[in-house]
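Subject: Handover of a structure

Dear colleague,

Please find below the structure that I am handing over to you. A description of what was found in it comes after the display.

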There are 2 protein chains.
Amino acid sequence: MARQPIGIFDSGVGGLTVVRAVRAALPGEDIVYLGDTARVPYGSKSARTVERYARACQAFLLGHHVKLVMIACNTASATALPALQAASDVPVIGAVEPGARSAVAASRSKRIGVIGTLSTIRSTAYERAIAALAPDAAVTTEACPLFVPLAEEGWTDDDIADAVARRYLQRLFERDRAIDTLVLGCTHYPLLRDVIERVAGELAGAPVAAVDSASAMAAAAVDTVGTSAGDAGAAGSLHCYVTDASRLDELAPRFLGEPLSGFDLADL
Amino acid sequence: MARQPIGIFDSGVGGLTVVRAVRAALPGEDIVYLGDTARVPYGSKSARTVERYARACQAFLLGHHVKLVMIACNTASATALPALQAASDVPVIGAVEPGARSAVAASRSKRIGVIGTLSTIRSTAYERAIAALAPDAAVTTEACPLFVPLAEEGWTDDDIADAVARRYLQRLFERDRAIDTLVLGCTHYPLLRDVIERVAGELAGAPVAAVDSASAMAAAAVDTVGTSAGDAGAAGSLHCYVTDASRLDELAPRFLGEPLSGFDLADL
């Protein structure tokens with residue numbers, strides 16, 4: 001059991017932020033990562049398709065004998081977590097509950113904003129997760145479809161990023177100007193953290209904290225597998241699979257925080 | 001033969017512009033359309049993945065006994081046309097050669113700009129197609145990854161669309177200010193035609209004509225199947241398949257020019 005790897009998947013490479021957080025929290029663990037880059041994005045697609053693809057991703061990881069499945073993709077977590085849990089013999093951790101937990105911990109006013117893909121927002125999964133943790137919290141949500149292509153284009157802090165962030169966040173703060181915490185409910189959004197926090201702060205007239213799921217997911221992984229796994233001192237391995245390699249060398253390091261040492265192609 | 005439908009596929013719903021042009025040119029023909037909306041977009045992915053998915057789309061259409069395959073997707077045409085022609089017993093028409101033909105016909109200066117997805121631009125297919133038609137033409141290209149999400153968001157003629165178009169087109173006109181014709185090398189780009197033509201005209205200091213593949217593809221279809229097919233006077237049918245139905249009711253009419261009368265889901 002201790003020698004089995006942890007499996008992490010995402011619709012693309014954004015989930016490498018979760019890999020990074022898990023390696024920091026559990027440096028001795030082996031990790032198998034799958035990015036479904038051939039079918040990315042999930043966030044604009046129906047729950048039916050997202051669940052179908054997420055099931056295939058999980059089956060791939062289970063085929064690699066992982067002891068834990070982590071769904072780094074917010075969209076897949078928001079729409080398919082119960083189905084994936086039902087289909088797995090090992091624990092499955094999604095991105096939504098940890099993200100909600102971080103937001104509730106960070107918020108003083110309990111007025112929380114959530115931004116994410118169309119599918120994540122449509123699912124109302126964050127509202128439900130936050131309500132379960134803090135029934136008195138008020139949650140306001142907004143889908144921000146252009147944030148992922150902006151982040152992939154590398155236009156993360158310029159006049160266009162500012163204008164796009166302003167248009168989306170205005171819709172959010174018009175509905176609740178007292179929001180003090182914003183959930184970055186998509187693995188790409190942390191690349192836009194600076195512009196999002198700056199524009200949100202201007203619209204709120206007070207600092208707004210942007211939280212994401214990565215570190216809270218890593219904490220949940222520690223709770224699940226414990227910290228004793230792996231040989232003491234020996235660094236765990238990282239094995240990456242992707243379904244398409246286009247722009248991988250360019251995009252992966254932005255999320256992993258270091259160059260990718262290698263990968264294999266998988267046809268799902 | 002005359003009673004067999006024409007098959008048209010695209011990575012998404014943008015190819016409905018080709019359906020519209022074919023119906024106008026050949027109103028008696030039956031059409032089977034496939035939009036691979038579950039795996040859209042193709043334009044950011046590798047040639048390997050695009051060819052794999054395009055083969056599956058074509059096989060689906062051939063299974064519906066089409067007499068002609070039309071690849072409405074510029075990315076699939078640019079990367080997979082030879083492979084699809086080799087795998088088909090019926091004629092296969094791509095989007096690139098017709099688009100190149102339109103551009104050469106429209107350009108006086110023979111200084112032609114081409115904009116498209118990353119994969120289309122990377123393929124150099126338009127340069128090769130234009131060179132085959134007009135060896136003296138000078139072709140300048142630029143990938144515009146944000147145009148598709150902008151068009152899908154419906155932000156087609158505002159300050160953000162203007163700023164994005166200006167950034168991409170500046171890169172193009174900096175390299176050749178004498179461009180008089182611009183190929184819209186992606187089925188989504190005609191939705192941004194107004195802003196593209198306006199910004200291009202400002203950068204060139206003279207009117208720039210934006211051409212696309214749809215009507216030239218329809219003309220190629222007429223050349224291939226003739227105009228006699230179908231019962232005289234009887235309108236042909238349109239049968240649409242998609243691999244994902246998300247936002248279909250909202251997006252499809254923008255390209256087809258009328259509401260979609262119905263569709264079926266296909267799992268590729």
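Predicted model: local features only at pLDDT ≥ 70, side-chain atom pairs only at ≥ 80, totals over all residues.

Residues are numbered from 1 along each chain as its sequence is written, while chains are lettered from A and ligands numbered from 1 in the order in which they are written.

Domains of chain A. Chain A is divided into domain 1 (6-94 + 214-265) and domain 2 (96-211), with bounds that come from an automatic or database domain assignment. Taken over C-alpha atoms, the centres of the two domains are 22 Å apart. Their contact takes 24 residues from domain 1 and 22 residues from domain 2; two residues are in contact if their C-beta atoms, placed from the backbone, lie within 7 Å. On the domain 1 side, the elements giving two or more residues are α2 (47-63), α3 (74-86), α10 (214-225) and α11 (248-256) of chain A. Here helices (H or I, at least four residues) and strands (E, at least two) are DSSP runs, numbered from the N terminus. The largest share of that side, five residues, comes from α3(A).

The sheet of chain A. Six strands form an open sheet in the order β4-β3-β1-β2-β9-β10 (chain A), with parallel pairing; two strands pair if DSSP finds at least two bridges between them. β4 (92-93) and β10 (264-265) of chain A stand at the edges with a single partner strand each, so one side of each is left without a neighbour in the sheet. Within the sheet, β2 (residues 31-35) and β9 (residues 238-242) of chain A pair in the parallel sense over five bridges, and G35(A) stands opposite V242(A) in β9(A).

A strand pair of chain B. Strand β5 (residues 111-116) of chain B pairs with β6(B) in the parallel sense over six bridges. I115(B) stands opposite E142(B) in β6(B).

Relation of the chains. A rotation of 180 degrees with 0.0 Å of shift along its axis superposes chain B on chain A (RMSD 0.0 Å), which is the relation of a two-fold axis. Copies are superposed by least squares on the C-alpha atoms of residues with pLDDT of at least 70 in both. Of the residues of chain B, R39(B) comes closest to the rotation axis, at 2.4 Å (C-alpha). The copies meet through the same surface, because 100% of the interface residues of chain B are also interface residues in chain A.

Yours sincerely
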